[in-house]
Amino acid sequence: MKKISSGKVREIYEVDNDKLLLVVSDRVSAFDYILPSPIPEKGKVLNQISKFWFDSLESVVPNHVISTDIKDFPEEFQTEEFARKKYVS
């Protein structure tokens, strides 16, 4: 799968012509500086908070999320390491 962007705390992969896979890391950024020590489980927590709000507001505002279910992800990302750290949009 082609990585199209790697930012301070997220990586973006191209799944196909109309889908992206966003991976949230445990890295921490402050003032455009990546701190040396990641926060364990940070990516999972951020994705769970985002999922809550995307689901809660879906009837009010359309969003980009297709799935947060690991079974819907490309096979190479169906690992425990990536579970709950990403979503397809």
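A residue is called buried when its relative accessible area is under 20%, exposed when it is over 50%, and partly exposed in between (1.4 Å probe, protein chains only). By that definition, 28% of the 89 residues of the protein chain count as buried. This is a predicted model, in which local features need pLDDT of at least 70 and side-chain atom pairs count only at pLDDT 80 or more, while totals for chains, interfaces and linings use all residues. Residues are numbered from 1 along each chain as its sequence is written, and side-chain values use heavy atoms, with hydrogens and water left out.

View 1. Helices (H or I, at least four residues) and strands (E, at least two) are DSSP runs, numbered from the N terminus. Along the sequence the pattern is β-β-β-β-β-α-β. Contact means heavy atoms within 4.5 Å. Among contacts between residues at least 6 apart in sequence, 36% join residues at least 24 apart. The protein chain exposes about 6200 Å², and carbon and sulfur atoms supply 56% of that area. Accessible areas come from the Shrake-Rupley method with a 1.4 Å probe; for residues, only the protein chains shown count as cover.

**View 2. Strands β2 and β3 run antiparallel.** Two strands pair if DSSP finds at least two bridges between them. Here six bridges join β2 (residues 10–16) to β3 (residues 19–24). The two strands are connected by a hairpin of two residues. Asp-16 stands opposite Lys-19, which belongs to β3.

**View 3. Asp-16 and Lys-19 also meet through their side chains, in a salt bridge.** A salt bridge is a side-chain nitrogen of Lys or Arg within 4 Å of a carboxyl oxygen of Asp or Glu. The N to O distance for this pair is 3.5 Å. Side chains of opposite charge can pair when their charged atoms come close. Lys-19 counts as partly exposed because its relative accessible area is 28%. Asp-16, at 30%, is partly exposed as well. Asp-18 joins Asp-16 and Lys-19 in a network of salt bridges. The count of salt bridges comes to five.

**View 4. Glu-11 lies in strand β2.** Its relative accessible area is 16%, so Glu-11 is buried. Lys-3 forms a salt bridge with Glu-11, the closest N and O atoms being 3.7 Å apart. With 42% relative accessibility, Lys-3 is partly exposed. The side chains of Glu-11 and Tyr-13 are joined by a polar contact of 3.2 Å. A polar contact is a pair of N or O atoms within 3.5 Å; within protein, one must be able to donate a hydrogen and the other to accept it, and residues adjacent in sequence count only if both atoms are side-chain atoms. Not counting residues up to four places away in sequence, Glu-11 touches several residues, including Ser-5, Leu-21, Val-23 and Arg-27.

**View 5. Helix α1 covers residues 42–57.** The expected span of a helix is 1.5 Å times one less than its number of residues. The buried residues of α1 are Lys-42, Gly-43, Lys-44 and Asn-47.

**View 6. Asp-69 forms a salt bridge with Lys-71.** The closest N and O atoms of this pair are 3.9 Å apart. Asp-69 is partly exposed because its relative accessibility is 32%. Lys-71 has a relative accessible area of 64%, so Lys-71 is exposed.
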